Amino acid sequence: MVKIARWNDDGGTQSGFVDGGACFALPQGQDVQTLLDAGLEETLATARRVIGSGPAVRLADVQLLAPLVPATIRDFVAFEEHVEGVRKSIDGEAGVVPEWYEAPTFYFTNPHTVTGTGEVIGIPAGCTDLDFETEVAAVVGRVPGSDGSNLTAEEAHRHIFGYTILNDWSARDLQRREMKVSLGPCKGKDFANTLGPWIVTADEFEDRHDAGGFLPISMAVKVNGEPIGQDLLSNMGWPFAELVAYASQDSMVRPGDVLGSGTCGSGCLAELWGRNGAQTPPPLKTGDVVRMTVEGIGTIENTVGTRREAVTRVAARTRPRNRTVQPASAGS
């Protein structure tokens, strides 16, 4: 098992390995993407060469960053319990739509607003219902001889380089309006995603998969020290290998792609709002601390910052739907 991280210290931004309480930087010119492009086996060999062979800095003395700069982020919705609760909260409807069971569903979110553990997450303009989402994400790495397209589940499993925690921050009031247009979410989601604290390589979990390919590891979230939700990653409707394979169909997955599991059962406030029929627990506010822990991976923690005060919504213009250019009026 290897922990791969990015951090800031007196030497600037570094990439490398975390072992115990120490951080070992990669040689100059190499970064996490270098490891993803090399693949898992080569990365494990690199870790054996680097860890303990050079100067280290104490983990306590660095600021951890998001463990990679993602190429893309696909976020699935793979937990039935979450879908059930959030549908009630967002749409006011009970149950799960039949289409959810037919195939995995995901959306692409913003790789440019990724944050790390310890960072302050500002509330986006116009948002009063800020929420979190407790997820695990698979990180894709290179497999020699594969272009990452039209993968079987068995092939996709080999492309899973490692796992990290994902907090898909959500502005539920913005999301609620957007979803009525049957597209998105967009501004309800694209302002922040937290990844961290590091990538744990997939070999750590190889003997923990059950017969169906699922990982029965615990996921939990607290707000201001109070437990909010807890679930097992194995309660997904599809194992990660099937999610990666589905993403690759008539498309491709490449090293540096991140694929989120979707929120675990009881892993966000909106799900609880749907079940409780009221906003209890309340939406996040400035100063709240959100802490997520996943067995075998670690913990991420972020504090909610202030709301940006701005008006960002732009109303559509009602247009006449002309099919040809209209002649200019006289005197114009």
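Modeller: A residue is called buried when its relative accessible area is under 20%, exposed when that area is over 50%, and partly exposed in between, using a 1.4 Å probe and protein chains only. The model is predicted, so local features need a pLDDT of at least 70 and side-chain atom pairs count only at pLDDT 80 or more, whereas totals for chains, interfaces and linings use all residues. Residues are numbered from 1 along each chain as its sequence is written, and side-chain values use heavy atoms, with hydrogens and water left out.

Side chains of opposite charge can pair when their charged atoms come close. Taking a salt bridge as a side-chain nitrogen of Lys or Arg within 4 Å of a carboxyl oxygen of Asp or Glu, the structure holds 15 of them.

One of these joins D129 to R176, whose closest N and O atoms are 3.7 Å apart. The pair links distant parts of the chain, 47 residues apart, with D129 in the loop between β9 (120–123) and β10 and R176 in helix α6; helices here are DSSP runs of H or I with at least four residues and strands are runs of E with at least two, numbered from the N terminus. The two partners can be described separately: D129 counts as buried, at 9% relative accessibility, while R176 is partly exposed, with a relative accessible area of 23%.

R291 and E301 form another salt bridge, and here the closest N and O atoms are 2.8 Å apart. Because R291 lies in strand β18 (residues 289–294) and E301 in strand β19 (residues 298–307), this pair ties together parts that are 10 residues apart in sequence. R291 is partly exposed, with a relative accessible area of 38%, and E301 also counts as partly exposed, at 31%.

A further pair is R49 with E42, whose side chains meet at 3.6 Å, N to O; E42 is partly exposed, its relative accessible area being 38%. Helix α2 spans residues 40–50, and its buried residues are L40, T43, L44, A45, T46, A47 and V50. Among the elements that cover those buried residues are β1 (3–9), α1 (32–38) and β14 (193–201). G52 follows α2 and has a positive phi, near 80°.

Beyond these pairs, D131, E133, D168, R172 and K189 are linked in a network of salt bridges.

Terms used. Contact = heavy atoms within 4.5 Å.
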